[in-house]
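Opening the notebook on a new model.

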Amino acid sequence: MTITYGLRTGKSETVLGRLRRDVRGNTIAIMAAAMIPLAALAGSAIDAARLYVVKVRLQQACDAGALAGRKFMTSTDGTALDATATAQANAFFKNNFRLGWMGTKTAVFTPTKTTDQQVAGAASSQVPMTIMKMFGAGDVTLSVKCEARYDVADADIMFVLDTTGSMACTTADGTAGCSQPVATYTQDGNVNYYTVEKTGSKLSGLRSAVLNFYDTLAGNVDPTTNIRYGFVTYTSTVNAGYAVKELSSDYLVKNWNYESRRLTGDVNTGDSVKKTYYLVSLETCNSYAKRTPASGYPTNGLASVATVSWSGLLNIGTCVVTSQPVKPNWYYTQVNYDVSKFITGVPVPDPSKITGTTSVWQGCIEERNTNQGASTFDQSNLPADLDPDLVPTNDDTRWRPMWPDVIYYRGTGTTAVNTGVQYSGDSTTPYGDYYVKSTDQQTTSYTNMIANPNPAWNKNISTGYVSCGKRAQRLKKLTRDDVDDYVNADDFKAQGGTYHDTGMIWGTRMISPTGIFAADTAPWPGRAVPNRYIVFMTDGDMSPNYELYGMYGIERYDKRVTGGDSTEQLDDHNARFLAECAAAKARNIRVFVVGFGQTLTSQLSACASPGQAYFASDNAALQTAFKTIANQVAMLRVSK
C-alpha cells in the first residue's frame with residue numbers, strides 16, 4: 001500500500017474546486033430548500049384547525065336554529081315549516097354564527113319540517129384559506145346537518161291539591177283567613193256545605209294555574225307523546241272510595257265500628273195521663289197494658305207505654321190505665337254496622353236514628369290500620385295506611401267508608417271516651433238531641449258534647465268538622481275540557497281543615513308503579529316507562545283537630561294516630577306526611593311542592609324533590625310556578 005501525505009502537485013487550485021471542498025454555510029442552503037414544504041405543512045395545520053373550529057361553531061348554530069324552530073313550530077298538516085318557526089330558526093342561527101367570523105364569506109342555513117312534525121336543518125359556510133392560499137388552495141365550503149325534537153317522554157302527573165276552607169279567601173287575607181258565608185250544594189243525594197269564594201280567591205287562582213299547566217305541557221308535546229293526569233283533592237280526608245271500589249269491592253270492609261249510638265229501650269218523657277174504667281173485668285183491664293206502637297217509634301219520635309192497676313170483686317172492678325209518653329234511650333258508644341250495602345252507593349236506612357232517614361255514601365274513606373303515636377317510620381316496613389303498594393287482604397288492611405250520619409260525640413270524660421254513656425237528651429226533641437245548637441257548634445266541653453252529639457249535623461259540617469270533597473280522578477289521558485270540567489265542577493269547593501298527610505298518602509298510592517293502581521301508570525305499549533310526577537299544592541300549615549271526624553275517625557275516641565296523646569298530634573301527622581313523601585321519592589316519583597300564600601315550612605321543603613319547592617305569593621305567582629313545573633316536565637333535546 002502506498003500512502004501519500006498532502007503532496008502538492010505543483011498545479012494551482014480553481015475556484016470551483018475550492019467551493020467544492022468548502023462546507024461552511026451548508027445549513028443555510030438546506031433551510032432555504034426546506035422552507036417551502038415546511039410552510040405548506042404548517043399552513044395546512046393552521047387552516048385545518050380553522051376549518052375544525054368553524055365547523056364546530058356551524059354545527060352548534062345549526063342545532064340552535066333547529067331547536068328554536070321546533071320550539072316555535074305550530075304543528076299543522078302542512079309539509080312546510082311555518083313562517084314564525086322559520087324566522088326564529090334563522091334568528092338563532094345568525095346569533096350563534098356571525099358572518100365574517102374567521103373570515104367566512106357565506107353563512108347559509110335552511111330549516112325544514114320533517115314528516116314526523118320535527119325540525120331539520122342544513123347549514124353551510126365558505127371558509128377562505130390563509131397560508132394555504134399561497135400554494136393555490138381555494139376556499140373550502142363546510143356543510144352540516146341537524147335535527148331537533150321536543151322529546152317529552154310519556155309522563156304521568158298526579159295533582160294533589162289543598163281545597164280546604166281557606167282556599168275561598170284571597171292571598172291578601174293572609175294567615176288570618178276570611179269570614180265568608182257558608183252555602184250548600186247537593187251531590188249524590190247529600191247536602192254538602194262549603195265556604196263561598198271571595199272574588200279573586202285562591203281557589204280560582206288554582207283553577208287557572210292547573211289549566212295553564214295543561215296548556216304549557218300540551219304546547220310542548222308531539223303527537224306520539226302520552227300524558228296522563230290524575231287529581232286528589234284533600235282536606236281531613238280524601239274522596240277515593242269509589243276509585244278503590246272500581247278495582248275490587250273486596251278492598252272495602254263489609255262491617256265497621258263507628259263512634260255512634262244504639263237503642264237500649266225507652267225513657268219517660270213528659271207527663272203521664274191516667275184514665276179510669278169502671279165495671280170491667282180483670283182480663284179486659286190487662287188488655288189495656290201495652291206499648292203503642294208495639295215496637296219502634298212513630299214519625300213524631302214518641303211512643304206511649306200504658307200500665308194498669310185493677311181492683312174489684314168477682315172479676316168485676318175498676319181499672320186505672322196510666323199512659324206514659326216515652327222516647328228513645330240511647331247508649332253512645334262504638335257500634336258495629338253492616339256497610340255492605342252502604343258502599344254500593346245506594347240509599348240505606350240510617351241505623352242510628354228512628355226518623356226513617358237514609359244515607360248515601362259519598363266516597364270518602366277511613367284509612368286502614370297504622371302505627372299509633374309513631375314519630376318515625378321504616379320505609380322497608382311501613383304500616384298499612386302508609387304503604388302505597390299493600391294489597392288489602394283482611395279488615396286491618398281494607399279501607400272503611402266514612403259515615404258521618406252515624407257518628408256522635410259523647411263527651412270527654414274517661415268513661416265516655418273509653419266505653420260510652422247513656423243519654424236520652426234533655427231537650428224537647430224525641431230523637432236524642434242529634435241537632436247542633438246555634439251557639440255551641442263544637443267544643444271539648446263534656447256538657448256541650450252531650451247536648452250536641454252528632455257531628456254530621458249542619459253546623460259541624462259547615463264549620464269543617466266533617467268534610468268530603470271532590471272524588472279523586474285516577475290517572476288517565478284527559479282533554480283540556482276534561483281538566484276544565486274537573487276544576488270547575490260544582491263540587492270543587494273550599495271546605496274542611498288541612499291534613500297534608502291524607503293528600504300525600506293517596507297521591508302516592510294512585511301513581512305508585514308497584515301498587516294497586518299500577519295498571520294506571522304502566523308504560524304504553526312499545527314505549528319506555530313514563531316519568532312520574534306529583535304536584536302538591538297547599539295554602540296552609542298542617543292543622544289536625546282532636547275532635548274532627550276524618551280519615552282516622554275521631555282522634556279523641558279512636559286514637560289511631562296519637563295513641564291518646566293529643567299534644568303529639570301535630571308532630572305525628574307531620575311524621576306521616578314526610579314518610580309518605582319519602583315513599584313517593586323511593587318509587588322514582590319526582591315531587592313538586594308549591595306553598596301558595598303559605599311560607600314553605602321545613603316539612604314542605606323536605607317533602608319536595610331537591611330544588612323543587614316553590615313559594616307563590618299570589619295568584620299570578622301560582623301561575624308562574626305551575627308553568628315552571630310544566631316546562632321542567634317538558635324536556636327539549638337535539639336528536640341528531
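I'm working with a predicted model, where local features need pLDDT of at least 70 and side-chain atom pairs count only at pLDDT 80 or more, while totals for chains, interfaces and linings use all residues. Residues are numbered from 1 along each chain as its sequence is written, and side-chain values use heavy atoms, with hydrogens and water left out.

Rings. I get 25 aromatic pairs (ring centres within 6.5 Å, with Trp represented by its six-membered ring; planes under 30 degrees apart are stacked, over 60 edge-to-face, the rest tilted). I looked up F231 and Y486: their ring centres are 4.6 Å apart and the planes sit at 20°, so this pair is stacked. F231 is in strand β7 (residues 227-234) and Y486 in helix α10 (residues 480-487), so the pair ties together parts 255 residues apart in sequence. One aromatic cluster includes F231, Y486, F159 and F626.

D162 is in strand β4 (residues 155-162). What does the side chain of D162 join through a polar contact? I found the side chain of T538, at 2.8 Å (N or O atoms within 3.5 Å, one able to donate a hydrogen and the other to accept it; sequence-adjacent residues count only if both atoms are side-chain atoms).

How values were computed: Helix = DSSP H or I, 4+ residues; strand = E, 2+ residues; numbered from the N terminus.
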